[in-house]
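Subject: Structure handover

Hello,

Here is the structure we talked about handing over. My notes on what turned up follow below it.

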Amino acid sequence: MTPVILLAAEKESAEVTDWAARIGWVVGLALFIALVYWLMREGWKWRGTLQGDLPELPGAPDDPGPARLSMSGRYHGSTTAGQWLDRIVAHGLGTRSRVELTLTDAGLDVVRPGASDFFVPAARLREARLDKGIAGKVLTEGGLLVVTWAHGDRLIDSGFRSDHAAEHNEWVDVINSMIKNNSTEGAER
C-alpha cells in the first residue's frame, strides 16, 4: 500500500471528551426551538384577540334545500378579502382541515371534520374565483377555489381545493351566476 492510503485507513474520528459542552449545546438548542414555537403560538393567539370583533359564524339552517353542487377536499384558510396574506384565525377560520362543501339555494355549507363548521348564506356570497394562493398555501395558477363572502362588516376570502381540481370551474360559474341572480332579484323588489 502506498503511504497516503495507509494514513487514510488508520485515521479515525476523535472521541468526544467534553460531554458537558455537547450536552449544553443540545439543551440550549432545544430551549431555543421551544421558545420559537411558544412565540409562534402566542402570535397566533394575539391575532385571534385582534380579530375578536368578528361575529360568531352562522350555522346551517335546518332545511337548506337540495344540493346544487357538492365536493370534498381541503379548506386552506380564510383571509381578509384582497389581502391573501392577512389570515383570519378567529372562530377557527385559520385552521386547515378536510372539508365537505355543499352549495344550495340557501347558501354554502362548509363542514370541517376536526374544526368548526360554518354556513355562508346566499345573500352574503360576493364572488367566486380561481386563484393560486392564500395565506401559507401557494398552488399552480387556478389551483384554488376562493369564495368571497361578507361577515359582519368584513369581506372574507376562503380558500378551498377540491380532491378533483376539474370541479373548480363549475363551482365558480354556479356561485357567480347565483350571486348575479340574487342581486337582480333584490333590485327588482
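**Salt bridges**

A search of the whole structure finds seven salt bridges. Keep in mind that this is a predicted model.

Start with R68 and D105. Their side chains meet in a salt bridge, at 3.3 Å from N to O. The pair links distant parts of the chain. R68 sits in strand 1, while D105 is in the loop between strand 3 and strand 4, and 37 residues separate them. How accessible are the two ends? R68 is partly exposed, with a relative accessible area of 39%. D105 has 53%, so it counts as exposed, the cut-off for that class being over 50%.

Next, R98 and D163. Their side chains also form a salt bridge, with N to O at 2.9 Å. This pair, too, links distant parts of the chain: R98 belongs to strand 3, and D163 lies in the loop between strand 10 (154–162) and helix 3 (168–188). The two are 65 residues apart. R98 has a relative accessible area of 35% and is partly exposed. D163 is partly exposed as well, at 40%.

Then there is R129. Its salt-bridge partner is E127, and the closest N and O atoms are 3.7 Å apart. R129 is at 22% relative accessibility, so it counts as partly exposed; the buried class requires under 20%. E127 is at 34% and is partly exposed. Which residues make up the network here? E127, R129, D131 and D157 are linked by salt bridges.

**Overall layout**

The chain has three helices and 10 strands. From the N terminus, the order is α-α-β-β-β-β-β-β-β-β-β-β-α.

The chain has 189 residues, and 32% of them count as buried. Take the contacts between residues at least 6 apart in sequence: 62% of these join residues at least 24 apart. The accessible surface comes to about 11700 Å². Carbon and sulfur atoms account for 58% of that area.

Strand 3 (residues 97–104) and strand 4 are antiparallel, paired over five bridges. In that pairing, L101 stands opposite V110 of strand 4. The two strands form a hairpin with two residues between them.

On to strand 5 (residues 118–121). Strand 4 pairs with strand 5 in the antiparallel sense, over four bridges. Here the bridge partner of L108 is V120, in strand 5. These strands also form a hairpin, now with six residues between them. In the turn, G114 has a positive phi of about 85 degrees.

Why is strand 4 largely enclosed by the rest of the structure? Four of the five residues of strand 4 (residues 107–111) are buried, so the strand is largely enclosed.

**H76 in strand 1**

H76 is in strand 1 (residues 67–80). Is H76 buried or exposed? The relative accessible area of H76 is 7%, so this residue is buried; the cut-off is under 20%. Which residues does H76 touch, leaving aside its neighbours within four places in sequence? The contacts are R87, R96, I134, K137, L144, G159 and R161.

**Helix 2 and the annotated segment**

UniProt lists residues 20–40 as "transmembrane region", in an unreviewed entry. In the model, that stretch is 100% helix and 0% strand. Its end C-alpha atoms are 30 Å apart.

There is a nonpolar patch on the surface, formed by L29, F32, I33, L35, V36, Y37, W38, L39 and M40. Together these residues have about 930 Å² of accessible area. I33, one of the patch residues, lies in helix 2 (residues 19–50). I33 has 41% relative accessibility, so it counts as partly exposed.

Best regards

Technical notes
Residues are numbered from 1 along each chain as its sequence is written. This is a predicted model: local features need pLDDT of at least 70, side-chain atom pairs count only at pLDDT 80 or more; totals for chains, interfaces and linings use all residues. Side-chain values use heavy atoms; hydrogens and water are left out. UniProt positions are given in the numbering used here, feature names are shortened, and annotations may be inferred rather than shown by experiment. Buried means under 20% relative accessible area, exposed over 50%, partly exposed in between (1.4 Å probe, protein chains only). Two strands pair if DSSP finds at least two bridges between them. Contact means heavy atoms within 4.5 Å. Accessible areas come from the Shrake-Rupley method with a 1.4 Å probe; for residues, only the protein chains shown count as cover. Patches are made of residues with over 30% relative accessible area and no salt bridge: like charges are joined within 9 Å, nonpolar side chains (Val, Leu, Ile, Met, Phe, Trp, Tyr) within 5 Å. A salt bridge is a side-chain nitrogen of Lys or Arg within 4 Å of a carboxyl oxygen of Asp or Glu.
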